[in-house]
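Welcome to a short tour of the model on your screen.

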Amino acid sequence: MSAVTDTGQAAAPGGTGARRTAGGGVSPGWSVFHPRNMSPALRVWLAVLLAGLLVGLGAWVYQLTQGLAVTNMRNSMMWGLYITLFMYFVGLSAGGLIVASGGRLFGAVRYKPIVRLAVLEATVAVMLAALLLLPDIGRPDRVWHLFRYPHLTSPLIWDIAIVTVYFLISVTYVWLYTRADLARAGSRLAFGTGTSAADLARDERLKTALAWIGLPAAILLHSITAWIFGLQIARGFWYSAVMAPLFISSALVSGMGLMILLALVLRRGGRLSFGNDLVSSMGSLLGVFIAVEGFLVFSEMLTAAYPGAGFEAEPVERLLTGPYAGFFWFEVVAGLAVPLVLLAVRRLRMDMRWVAIAAVLAVVGIFVHRLNIVLNGLSYATVSYPPGVSIGTAQPAGETSFALSLFYYPSVIEWLVVLGLLSLGALVFTAAALYLPLREGGPGAAPGPALQADPGGAAME
Amino acid sequence: MADKVSPIEALPPASREYGEIDRTSKKPRWAMVVDQERCIGCWSCCVICKSENDVPLGMWWNRIDTVGEALDTPYSEDGELRMHWLPLACQHCENPACTKVCPVSATYPREDGAVMQDPERCIGCRYCMVACPYGVRVFNWGTPERPTDFDTGMVEPRPVGTMEKCSFCVHRLADGQVPSCIWSCPAQARIFGDLNDPESAVSRLIRERAGYQLLEERGTDPHVFYLPPRRKRGLWT
Ligand code: SF4
Ligand code: SF4
Ligand code: SF4
């Protein structure tokens, strides 16, 4: 906090304009967080997020006092929205390291202008994923047990380990990519590092080294998250070797979709600059990812359904025709087919509006895909004789306390807690996007009319 | 809870004898046999389990599934109506799916084959419940509610936000007594004993009556064995 007041005081007398020119047009400093320096739209946006965060916190406190009974999860549907969003956010983080690590290792220089955005997105997404575990567990007061008594055969422990590693890698990435600009602006976040040629050369070496760690870590992250589900022989719908590849592909789809959207928003907000061709090329990459995703989904369904019997066939039949069938068909049509067509047609891919629509569909489609995995894996009793599993909370007189299946929809509290977490993520992201120099390419890293760098210039680093 | 008296103390000697474990080897491996031919679907074992273990409202460690499509309703096979039940509690698997996935070892297999649950360790992630193929675990979603305002159980009640399930009544085994669901069965459809002793009642019954395990193909290797009904309860057979 002292840093805030220190730099805040330094900036306040001069006002915004003075600060910007005085600072050589480099980094805006902490003063960007002063309400006076914000556009009305930004102020409203932050106020909404803050309100969302408070509401979410309130809902979580309520859930803490009442137990998970205030959710709609029960013994016959023991995981719900929280876990779905956990794996969804793990997936959303994919875009980041793919662009950063992949770009560096395979020399895709054209992604340079968005590379900082990418690693920032990964950081926030994986942070949200980790936080989503807190409201999900029944005894958040005992999370320390995970570190005190880790049971190494549990995929959940593997996942917590890789999520932690991945978060650290992402934070390091963000810092490494922005630190030179921060140092130039005299920010404390540069931790006293310099900007000499030797420093910059060391940055480059570190970035490459990190890329070599980051890419396998990303693949492990999605695979291990898949194995939480895919190793469970009790759940025929999950028990499949295709789970890990499928999670990687859906992570790529949602991560890339979100990257496109964030990049477009930040360009509009003046925090990034790049040409439309970059978005189109991200769009075609997204198209390829969607095609792979569709192929894997189809392959899994066919394998499960073809024998026409066995413990895999039943859930597939329910998926295609049961109470949740609408979700599945939404996933196939709106999440896979439509965006694939939009991105495959060159003329549409050149139009930013269509690319944005395809990206929204892909991002929503993957969420529904994750929902399908959880709902169809869990919502039916594995021993399917009546009366089924005991529900777990006292039922009103005259109503059964058993259920063979439960039609799950999240409770208001669940939605509010999620709203709070999403608001927190958006707040962190907005704050970081305001404060950190997101533009790649040395002194051109700050807003200002003279510095609307041409996209080509970004490739210099 | 040691000052409480188990209901079995009130029984006449003959019944009490039925409440004792018959014979054990040096290193017992506990197992339960459920005779589907004798079970009459009365839920007595489920009810006594609730009282023995202070199981809260809305939760059952033990339940009686009806084979077929509808509760307490016959199913049809070979043109005959038949009726059988499948009493279901934790199967105390030799290779438990639940213990493997628990991130904090709050559920763990004991030397003697009983699968235990530690309510002080459990973080309430419910992964064990996802992993169990038998749907026999129950979770304290809210503050546990009970019909009486005093505790009825012979064991400590479990707090909100933790998992619980059938314990094989290990607190009774220590005294050489069978679990409560065993002695309370009016049809003597449940038998308990040591799998490692080839002459124990459970070993003999499994051998002679072709005892089978539920969902054998999942490889969990339960310590609960079912005896298939020999006599069909049909109208003509
Ligand atoms: S029946 Fe389920 S809970 Fe019991 S030991 Fe087997 S896997 Fe675990
Ligand atoms: S709910 Fe408790 S016992 Fe079950 S896996 Fe989680 S921590 Fe272990
Ligand atoms: S062994 Fe004990 S805990 Fe398990 S079902 Fe029987 S009475 Fe209940």
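Chain A meets chain B through 48 residues of chain A and 53 residues of chain B. Please keep in mind that this is a predicted model.

**Where the chains meet**

- The area buried between chain A and chain B comes to about 4000 Å², and carbon and sulfur atoms give 60% of that.
- The size of an interface is often given in this way, as the accessible area lost when the parts come together.
- Polar links are there too: 32 residue pairs are in polar contact across the interface of chain A and chain B, both residues being at pLDDT 80 or more.
- On the chain A side, α7 (144–148), α8 (155–184), α9 (197–230) and β1 (389–390) each supply at least two of the residues that touch chain B.
- Sorted by class, that side of chain A has 28 nonpolar, 15 polar and five charged residues.
- Two salt bridges are found across the interface of chain A and chain B.
- B:Arg126 and A:Asp136 also join their side chains in a salt bridge, with 2.8 Å from N to O.

**A helix pair in chain A**

- Look next at helix α5 (residues 94–105) and helix α6 (residues 115–136) of chain A, whose axes come within 7 Å and cross at roughly 145°.
- The crossing of α5(A) and α6(A) is left-handed.
- From α5(A), the contact uses A:Gly95, A:Gly96, A:Leu97, A:Val99 and A:Ala100; from α6(A), A:Val115, A:Ala118, A:Val119, A:Glu121 and A:Ala122 take part.
- By class, this contact of α5(A) with α6(A) has seven nonpolar, two polar and one charged residues.

**Salt bridges**

- Over all chains, the structure holds 26 salt bridges.
- One to find is between the side chains of A:Arg116 and A:Asp181, at 2.8 Å from N to O.
- This pair links distant parts of the chain, with A:Arg116 in helix α6 and A:Asp181 in helix α8 of chain A, 65 residues apart.

**Backbone details to check**

- Most residues other than glycine have a negative phi, and most peptide bonds are trans.
- Against that background, the peptide bond from A:Pro386 to A:Pro387 is cis, with omega near 5°.
- A:Pro387 sits in the loop between α15 (352–378) and β1 of chain A.
- B:Ala210 has a positive phi, near 55°, in a residue other than glycine.
- You will find B:Ala210 in the loop between α7 (201–208) and β11 (224–227) of chain B.

How values were computed. Residues numbered from 1 in each chain as written. Chains lettered and ligands numbered in written order. Predicted model: local features only at pLDDT ≥ 70, side-chain atom pairs only at ≥ 80, totals over all residues. Heavy atoms only, no water. Axes fitted to C-alpha atoms, helices over the stretch in contact; angles between N-to-C directions. Helix = DSSP H or I, 4+ residues; strand = E, 2+ residues; numbered from the N terminus. Left-handed = near helix turned anticlockwise from the far one by under 90°. Contact = heavy atoms within 4.5 Å. Nonpolar A, V, L, I, M, F, W, Y, C, P; charged D, E, K, R; others polar. Buried area = accessible area lost by both parts, 1.4 Å probe. Salt bridge = Lys/Arg side-chain N within 4 Å of Asp/Glu carboxyl O. Polar contact = N/O pair within 3.5 Å; in protein donor to acceptor, adjacent residues only side chain to side chain.
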